[in-house]
Amino acid sequence: MAKKTLDLFPTETARFVPAAAVNAEKLYPHAPLLNSVPIATADARIKPVHRRLWLALNFPLLPFAPDIAMSATPAVTVETAGNTKIVLAANIAAQRLEIVRGMRLNSAYALANHLKVFNRDPHEERRALERLAAWSLQYTSYVSVEAPDALLLEVKGSLRLFSGARALRQRMFSQLNEMKIVATTAIAPTSLAAVWLARSAGPYPNIPNLTLLSRYLEKLPLSCLRWPEDICNTLQDLGIRTVGECLRLPRDGFARRMGISLLQELDRAAGRVAQPRSRYVPREIYKARCDFEMEVENTLTLRNLLDPILDDLESFLRSRTAGIQALKIVLRHRELGDTRLILRFVTPIRRKRHVESVLSERLERLNLPAPALSVRVRSGPLQELHSQTLNEKLFGIAGEQAPEGIPRLIEKLRARLGEDAVYGVCQTEDHRPEQAYRKTNLRTTVRGSQPHSLQPTAFKSRPLWLLSQPEALMSNQGAPFLNGPLTLERGPERIQGGWWDSADMNRDYYVMRDRRGVRLWIFCERGKWFLHGKFG
Amino acid sequence: MYSELHCLTNFTFLRGASHADELVSQAVELGYEALAITDECSVAGVVRAFSAVREQEEKGNRLKLIIGSEFRFEDGLRCVLLAMNRAGYGQLCRLITRARRAAVKGSYLIKREDVYEMGASFLSYCLVLWLPDAEVDFEQGRWMREAFPDRCWIAVELLSSGSDASRLQCLQEIGRELGMPLVAAGDVHMHVRQRRFLQDTLTAIRLGVPLSQAGFHLYANAERYMRPIPRLQELYPEALLAETGRIAARCTFSLKELRYEYPEEVVPQGQTPSTYLRQLTEEGIRKKWPKGIDATSRAQIEKELELIAKLKYEPFFLTVYEIVQFAQKEKILYQGRGSAANSLVCYCLGITAVSPERSKLLFERFISSERDEPPDIDVDFEHSRREEVIQHVYEKYGRHRTAIAATVISYRPRSAIRDVGKALGLDLLQIDRLARTMQWWDGGKVDGSRIREAGFDPAAPVIRQLVYLTNELVNFPRHLSQHVGGFVIARGLLEELVPIENASMAERTVIQWDKDDLEALGLLKVDVLALGMLTAIRRCFGLVEAFYGRKHTLDSIEEGDQRVYDMICEADVIGVFQIESRAQMSMLPRLHPRSYYDLVIEVAIVRPGPIQGDMVHPYLENRDKQRQGALDIVYPSEKVQEVLGRTLGVPIFQEQVMQLAMVAGGFTGGEADQLRRAMASWKRNGDLSRFETKLREGMLQRGYTEEFARRIYRQIQGFGEYGFPESHSASFALLVYVSAWLKYYYPAAFTAALLNSQPMGFYAPSQLVQDARRHGVEVRPVDVCASRWEATLEKKEDESAALRLGLSLVKGLSEAAAERIAAARAMRAFSTVQEVAKRAELDRRSLNALAAAGAFASLAGNRHQAVWAVSGIDEGTSLLPDICIAEAIPLLRQPREGEDIAADYRNLSLTLRRHPLALLRPRLSREHVLSAEELRTAPAGTAVRTAGLVITRQRPGSGNTIFVTLEDETGSINVIVWQSIAERQRAALLRSRLMQVTGTLQRQDKVIHVIATRLLDRSRWLGTIAAKSRDFH
């Protein structure tokens, strides 16, 4: 990160004298781009590249959720570098307090007492950027993602379509405003320059040609380049603040000191070397639609009609070596609203067989409210297949031996009994009886593991059957009473704790027998007696 | 009757949830007969328990204290060992030492073999309680019986687990089978049940997980508290309770029995400690009084020697003598201080350089025979060379006999809030934000308003838990660290006196007790301390000798040089030892020190103690009156006059408070000593009040007025732990005088010495250099063609000294690289940057550092050119010595003045160019900001606006003001910020590098302050000029 420059001294116009030329080719025979003329001077061997026009969109607040980006409370997203946390982005409120990218978190705290701090989530940023990339496809077919926070749109053709840069930009920004997305933008003939200019947060530049570009680059501060910190420091120590000043340095000297790759960056930005950019291709899901020739009234017919779609789905997934965990089936009726079926799978699946087995369970229970006119099928996001599933496919082992594995069983049970009716139980390390067992989500736990075996060794003296709510007991002269007096077998087991996550517990548990000899688990809390469980 | 034989204090870190004194008083309350403190593989908490028992005894309560320790063997076997007698205690300590030394700091490792390997009769005087696991391992029991025949019990700890009855039955059967008796025990972790919240929290902290994940590591219930006897009687058979008494009766050891034994080798063959000390003293007399000693001094020496002999303290003096002899031989500068250090005997032994001529009054008090307190001698050594002294002590006495005292590191509000917050599962960033609100001046407790300020609701349950637990955790010991230099040296095996464990520093070992523990037991330690100023003084002596050929030592500098005192009175003391702080400086023109004893008072008076005890102003008033010849203090008695006369009726030193308690309040020496201890810790324990009645009544009885008594008590209270002893002050005053003398006569050498001894003192190199320039010293810039690593003196044309800054100021340059530059230059002068790089074999980092610092100016021109030149040097070229790449040199822009200044600050932390504020002055003037110079002539009481770089922020003691020192191109500006303003403008106060202050001008005896009403952060104006402020806590 570049050091903040000393801003209290007025800027003078810098004067440079071209350096004496030395034959650099002798020193660097393998570096044809090098010579001792200033970087900016036109070089016969380097032809200007100017075929496209790039609109860069820079999203400085991408690391924030939209409401936080706009909130009145200063907030920052931080990145951890070694032992220190560095500000990656500051929301508008924080920027007003002069919190800037690259600052240490401690310094940011010094500027804002009530600072909200979030850890960076690169995956979320990537997803957000991809969403924006998909959105921007409406303006041009050629969108390139410049991670982590910018998009490049090739707009040479679009400008005419949207009647000029101004109109295009206005339209874009009104949409972005609605989405509460903050962006800065620039149009330039080279993609790199467009990104740099967009980051500079100056007035919106619209630069149609290279000649004009060089004028803009002249004043562009080096901090927009995001060059490595040591390079920025060296350049600053040389008294160089802008790209223009940089471009006046001798090529050979610059390359030796800052590295040839940065020289190439300058060349690319100035449009003397082309920079190929990869196109953004939106992420895939499976979609299919089928309009029935006649209205469908029973589910059996429906199932048959869905069959070709399921075949298509399997081959779609196979060609992408992917699986899905969810499938949405929407049936359209004439007047009524749609009927939606959502199938979920414990592990990503690919085979038609799997889909079918779950689907038929659902269809069996489905009462069609009205005849269906058409069906639309839409998959959840494509997912990587787990190796086990792949093995099934490659070697046909597990698949044949255990066609109805536990995951399939669970899916079937769920399809029959409802999503929430099936769950796992696991033992947790907790002294409190209520907290000693916990429901678990099977979807996350089943893969590759055995069902949890319940080992009540830690609680030998506890009953397996707990009442869902302790039941208050009558008491007789301070002794508990349930269909007559109870006899004490063992106890007390004192349990105190839980003050940290719920109400504090302070109980004495006893094992007692009622008149019929049933062993009961009873506790006393604040002088009151409760029945909590029965022994088998 | 019941004796608790298994009880942990909070010195079993992150397990025990009560302080030793809480456990002791609860045990007394419950009517326990005895209490064994059995921390896990440690006796670190026993001295506190011992002191607590002694205090209980004073109240007429009785509790027998047993010393023991709990162990978990490597294979899981758990037991408690209890010391029966002194021998058993020694055995216990040796076992702990062995286990602790076998593991890394903070942990221990003990195996069954250890017990055998230590010899057949090892642990013969310890009683053993076996602590069987939930699943009783019979084999463990058999081994215990075999290893500890006839002195092993099965400890039955019934903790309401639900199976108490079957557990008891099971253990009874095993006991019958093994022929091992059973005894009741409580596994006490806390003194009352209510501590369970903290105990749970400690467990979570220990595991490093939130409470919700601590699971079965948490105890199921709070039964590990000190249970009332009736409850124990419900739970245990009578016989098991009675057995505790029988065991307690067999443990007769008391910490009172520990007696320090001095090393023998300090006395040569054929001499006794007495004769040897006498011989050395006589030799000293002949040296110090070549013309013969005067009668008073002779009488004083005889008196001292008699007292030393009576208390058998000769070996102690001889031990210290041996250490300073070593320092003398190695030419390490040192200075003794402390009550005993200011004796004539110590003067004769060369332990202190403070001669009796300097201050006759001091030697009146010395170790009193009545106060059975070990003599106090601390020796300060040069900071940079103390390690040599420490290694000498280890070498001379051996590691088995020498170790450093521990320092108990306790929870502070910030660390407590962090750990509790994590245990409660708060988000790390949130915790950080909360902890951050705890500034160093917020004091001991967590306060609701701070919490609100951090954006939390103080009423939220989790925040209330956080505050409650944090406040309970504060002051809990967290771990043992090493004391700065308190050595314990034993005659025999030290580990039989106190266990020794590994310190974090390699090759260092610490004992399990801290300095207060040693003091409470009357054990002796020798303090080998470090003082940066001694390093600076020694270096200054060296520079003066090399440049001028004049030799000086601490005691050769003539006392009473009025020109030096003139300078001190002008508060022209930047760099002078002790009195250079803001508070001290503002006192100097008012206190007007003209003699050595004035300096002694000056050093002691500007301390939190006297300031809080409200002693400063009365003293200043009396001092003014004295100067005007109008001093007429009426002392309530002649005795009081004796005590307070030398400080004009105002108690300033710790010793005076004790003496007052004795002569006016009728305290015995022992009681006065207790008072001193209570004073030191009353904020922690708050038990000073019990002395109040005694003091007041004693004074009233002796005819002093109620008002006098109240004033003295208030002063004692204010003194708190910050009271400064006269004996230390006296030694410091010598260094004050010597450093001031050097500053006056050799400003260039003095500044060079200070620069070479950084970090030290209150001021950064920038201020030291500016001060030197203001005193007419020519300061020359860092230059590869002239600078060495350190600052040096160069001859000017007129033969006087100029100061050449050293390469050590260059950020990012290593000393080795600087040495290579100097060595290469000594062979042949440099002519190009490339040549420097090649001949001194500098890497890229060093080259960049030098160029950025402007150290190539004489070879490469301006900074931009130098940076271009060095950035073009390939690191590998030293392999091809003769190839120099010819390349184009761009004509780079000349750096602007502001850029150069900013770069100077960034890379050297100082500049020899104009002060940055000089550049800002036009802008500042437009805003009617006055310079330091303009303030000097502005009328007092007017509203002013001023600004400067923040040099220091300082909060003296726990007072309610913050001192900020600003600096501009004309000098420094003293700003006082009251608490209320500080609270409101916290951000501007903490954040500003360039601060603009609006306030009222206050002037008193040449001292100018601006009382701030508004602070403005103007740092933005500075850009990158990073004048670093140093904050003092």
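## Cavities

About 110 Å³ of space lies in the second largest cavity of this structure, which is a predicted model. The structure holds 14 cavities of 30 Å³ or more. The lining of the second largest cavity consists of 15 residues. Those nearest its centre are Asp430(A), His431(A), Trp500(A), Gly215(B) and Leu218(B). Sorted by class, this lining comprises five nonpolar, six polar and four charged residues.

## A helix crossing in chain B

Helix α7 (residues 196-207) and helix α18 (residues 461-473) of chain B have axes that come within 10 Å and cross at roughly 80°. On the side of α7(B), the contact is made by Phe197(B), Leu198(B), Thr201(B), Leu202(B) and Ile205(B). Helix α18(B) contributes Tyr468(B), Leu469(B), Glu472(B) and Leu473(B). By class, seven nonpolar residues, one polar residue and one charged residue form this contact.

The spacing of such residues can be read with a general rule in mind. An α-helix has 3.6 residues a turn, so residues three or four places apart point the same way.

## An enclosed helix

How many of the nine residues of helix α38 (residues 863-871) of chain B are buried? Eight of the nine are buried, so this helix is largely enclosed by the rest of the structure. The buried residues of α38(B) are Arg863(B), His864(B), Ala866(B), Val867(B), Trp868(B), Ala869(B), Val870(B) and Ser871(B).

These buried residues pack against helices of both chains. From chain A, the partners are α10 (229-237) and α12 (251-258). From chain B, they are α35 (833-839), α36 (844-852), α37 (857-860) and α39 (897-908).

## A buried arginine

Arg78(B) is located in strand β4 (residues 78-83) of chain B. Is Arg78(B) buried or exposed? Its relative accessible area is 14%, so Arg78(B) is buried; the class requires a value under 20%.

Apart from its neighbours within four places in sequence, Arg78(B) is in contact with His6(B), Arg15(B), Glu70(B), Phe71(B), Arg72(B), Leu129(B), Trp130(B), Leu131(B) and Asp133(B).

## Backbone exceptions

Most residues other than glycine have a negative phi, and most peptide bonds are trans. Ser163(A) is not a glycine, yet its phi is positive, at about 50°. This residue is in the loop between α6 (156-161) and α7 (165-178) of chain A. Ser163(A) has a relative accessible area of 58% and is therefore exposed.

His592(B), also a residue other than glycine, has a positive phi near 55°. The loop between α22 (582-591) and α23 (596-605) of chain B holds His592(B). With a relative accessible area of 23%, His592(B) is partly exposed. A further exception concerns a peptide bond: the one joining Gln758(B) and Pro759(B) is cis, with omega about 0°. Pro759(B) is found in the loop between α32 (747-756) and α33 (765-774) of chain B.

## An exposed leucine

Leu464(A) lies in the loop between α19 (442-445) and β15 (465-472) of chain A. Because its relative accessibility is 70%, Leu464(A) counts as exposed. Along the chain, Leu464(A) and Tyr423(A) are 41 residues apart, and their C-alpha atoms are separated by 18 Å.

Technical notes
Residues numbered from 1 in each chain as written. Chains lettered and ligands numbered in written order. Predicted model: local features only at pLDDT ≥ 70, side-chain atom pairs only at ≥ 80, totals over all residues. Heavy atoms only, no water. 1 Å grid on protein atoms, 1.4 Å probe; cavity = no way out; pocket = protein on both sides within 12 Å on 5 of 7 lines; lining within 4 Å. Points joined across faces, edges and corners; volume = space filled by probe spheres on them. Nonpolar A, V, L, I, M, F, W, Y, C, P; charged D, E, K, R; others polar. Axes fitted to C-alpha atoms, helices over the stretch in contact; angles between N-to-C directions. Helix = DSSP H or I, 4+ residues; strand = E, 2+ residues; numbered from the N terminus. Contact = heavy atoms within 4.5 Å. Buried < 20%, exposed > 50% of the residue type's maximum accessible area, 1.4 Å probe, protein only.
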